[in-house]
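Let's walk through this structure together, one region at a time. Have the viewer open as you read, and we will begin with a loop.

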Amino acid sequence: MSAKPKVLITQKVPETVQNYLNEHCDCTYWDKEGTMPRAELLEKITDVEGVFLSGGAVDTDLLDRAPNLRVVSSSSVGYNHFDLEAMKARGVLGTHTPYVLDGTVADLVLALMLSAGRRIAELDAFVKAGKWQKGAVKGTELFGMDIHHATVGIIGMGRIGEAIAKRAVHGFDMNLLYYSRSRKQDVEDKYGARYCSLNELLVESDYVVIITPLTPETEHMIGKEQFSLMKPTAFFINASRGATVDEQALIEALNNGTIRGAGLDVFDVEPTPIDNPLLKMPNVVTLPHIGSATDKTRYDMAMLAAKNLVGALTGGEAYVVQELQGIGNI
Ligand code: 8YV
């Protein structure tokens, strides 16, 4: 029997996932909270064939230290942390975890829309600060904006985009516009979605949701010019990657009243620094990148990432990222 492949697991995984990995691989685990620090990763990666991670740059620096590396399995659907060219040049496969998180991320997007539109976080703080007193609220100052029957514009109509569309239309009777790399006839048929240009979407939407992967084409696709097209009553929701948006332009748009508010799960720098002006704005709901963070979904992602790792190392099945399909041994 040939020896099991040596792999490095850079974050805590559930026991059943560990058992599965141990059956197929010779594993070194990070068993502390958080993820293995970069310096330790660079040290430990030198003799492994596979690595399990969920972020942190997979770049030439890392790849150059890992001559035996064949597979990088990321417990995430996004893989903008992969240097695809460098991986391709070395024949290193990269895998990710599509499908299992769509509903969970879509739920969070609706929560961000509701929180921003109905000012949930802001007014929760208001009540808890003892400001809800007789005579203190005089008129319209606590009013928010409906999401039902409003227009939502989704930028990026992949699997998660479609799960958002379903909730928005079936749950909240929203009108749906979308802008995407390609037209999705089934989404148009199922949800009455209208495909339009990015500019039209920005002009017409009450809620602009960006949920596109971060690629060289989508980096900073929303900036000053795009915010200037939005309605002053509109909300901007980002659950993709911070860098799809020019964060400085977003700060200015919010400061100038170009748009009404925002709901953000992702930032340029994560964790976002405490002095980020966005954190001081009551009309901005901020979350620490928890789009997929429920017990079940994170379990499913970890198990799928484990199966991808084993599958890709043994010539079995794995969700190899599109750009690296057909290289290596799969
Ligand atoms: C991950 C995400 O949780 O899947 C993605 O692409 O952004 C999140 O679901 C994140 O990468 C950390 O694991």
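Pro271 sits in the loop between β11 (261–264) and β12; helices (H or I, at least four residues) and strands (E, at least two) are DSSP runs, numbered from the N terminus. The peptide bond joining Glu270 to Pro271 is cis, with omega at about -5°. Another backbone detail to look up is His149, whose phi is near 65°, a positive value in a residue other than glycine. His149 belongs to the loop between α6 (120–128) and β6 (151–155).

A word on what you are viewing: this is a predicted model, in which local features need pLDDT of at least 70 and side-chain atom pairs count only at pLDDT 80 or more, while totals for chains, interfaces and linings use all residues. Residues are numbered from 1 along each chain as its sequence is written.

Now to the sheet that holds β11 and β12. It is an open sheet of seven strands in the order β8-β7-β6-β9-β10-β11-β12, with parallel pairing; two strands pair if DSSP finds at least two bridges between them. What stands at the edges? β8 (194–195) and β12 (284–286) do, each with a single partner strand, so one side of each is left without a neighbour in the sheet. Leu177 has Arg194 in β8 as its bridge partner.

The other sheet is an open one of five strands, ordered β2-β1-β3-β4-β5, again with parallel pairing. Its edge strands are β2 (26–29) and β5 (93–95), each pairing on one side only. Neighbouring strands here are turned by 15° against each other on average, direction ignored. Such angles run from 0 to 180 degrees between N-to-C directions, with axes as lines fitted to C-alpha atoms, for helices over the stretch in contact. Strand β1 (residues 6–9) pairs with β2 in the parallel sense over four bridges, and Ile9 stands opposite Tyr29 in β2. Across β1, β3 (50–53), β4 (71–74) and β5 lies helix α12 (residues 295–313), running at about 165° to β4.

How does the chain divide into domains? The assignment, which is automatic or taken from a database, gives domain 1 (6–100 + 295–324) and domain 2 (102–286). Their C-alpha centres lie 32 Å apart. Five residues from domain 1 and six residues from domain 2 make the contact, where two residues count as in contact if their C-beta atoms, placed from the backbone, lie within 7 Å. On the side of domain 1 that touches domain 2, two residues are nonpolar, three are polar and none is charged. Here Ala, Val, Leu, Ile, Met, Phe, Trp, Tyr, Cys and Pro count as nonpolar, Asp, Glu, Lys and Arg as charged, and the others, Gly among them, as polar.

Finally, which residues are around the ligand? They are Ser54, Gly55, Ser75, Ser76, Val77, Gly78, Leu101, Gly291 and Ser292, a residue being near a molecule if its C-beta atom, placed from the backbone, lies within 6 Å of it. By class, this shell has two nonpolar, seven polar and no charged residues.
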